[in-house]
Amino acid sequence: MTLDAIEVITLFVDDIDEAKSFYQRAFTPKVLFEDDVSAVLNFSGLLVNLLVSSEAPELVTPLPVAASSSGSRMLLTIKVDDTDAVCAELSRLGITLLNGPIDRPWGRRTAAFADPSGHVWEIAADIR
């Protein structure tokens, strides 16, 4: 058995309309499915499911669903060709960076931003 093909990442969100608006503005993914409590977005074959937090307990029981205000617990990274150019575009779209662009000692130039529910995304380019 090989568990090496991630198909879907589900992000628990506070407000589905606000989350959909943010993701469509920041990433322009194709929407594969949506209803009142969820939206499934296609990121070049990886699906991101935005799910209203109140619907999440049945998926993770017996663990609790943490509040978005409890702090970041993960970082999703997207490889880009030019971190600075992507940061400029994000700023033009009204998306505030948490940090960066910054050259990291592991050979990448990165910047991070968060969605309205606190999920942190990083863009990263190899330093040439």
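This is a predicted model: local features need pLDDT of at least 70, side-chain atom pairs count only at pLDDT 80 or more; totals for chains, interfaces and linings use all residues.
Two strands are taken to pair when DSSP finds at least two bridges between them.

In strand 4, Leu50 is the bridge partner of Ala39. The two strands run antiparallel and are joined by six bridges. They also form a hairpin, with two residues between them. In that turn, Ser44 has a positive phi of about 50 degrees.

Strand 3, residues 38-43, has a further partner in strand 2, and here too the pairing is antiparallel, over four bridges. Five of the six residues of strand 3 are buried, so the strand is largely enclosed by the rest of the structure.

These pairings belong to an open sheet of four strands with the order 1-4-3-2 and mixed pairing. Strand 1 (8-13) and strand 2 (30-34) stand at the edges; each has a single partner strand, and therefore one side of each is left without a neighbour in the sheet. On average, neighbouring strands of the sheet are turned by 25 degrees against each other, direction ignored.

Attention now turns to the interior. In soluble globular proteins, nonpolar side chains tend to be buried together. In this model, the largest nonpolar core holds 24 residues, of which Tyr23, Phe27, Leu50, Phe113 and Trp121 touch the most other members. Two or more residues each are given to this core by strand 1, helix 1 (16-26), strand 3, strand 4 (46-52), helix 3 (83-92), strand 7 (108-114) and strand 8 (120-126). Helix 1 supplies the largest share, five residues.

Leu50 brings the two parts of this account together, being both the bridge partner of Ala39 and one of the core residues that touch the most other members. Leaving aside residues up to four places away in sequence, Leu50 touches Leu11, Val13, Ile16, Ala19, Lys20, Tyr23, Val37, Ser38, Ala39 and Leu41. Among these contacts is Tyr23, itself listed with Leu50 among the core residues that touch the most other members.

Methods
Residues are numbered from 1 along each chain as its sequence is written. Side-chain values use heavy atoms; hydrogens and water are left out. Axes are lines fitted to C-alpha atoms, for helices over the stretch in contact, and angles run from 0 to 180 degrees between N-to-C directions. A nonpolar core is a set of buried Ala, Val, Leu, Ile, Met, Phe, Trp, Tyr and Cys residues joined through side-chain atoms within 4.5 Å. Buried means under 20% relative accessible area, exposed over 50%, partly exposed in between (1.4 Å probe, protein chains only). Contact means heavy atoms within 4.5 Å.
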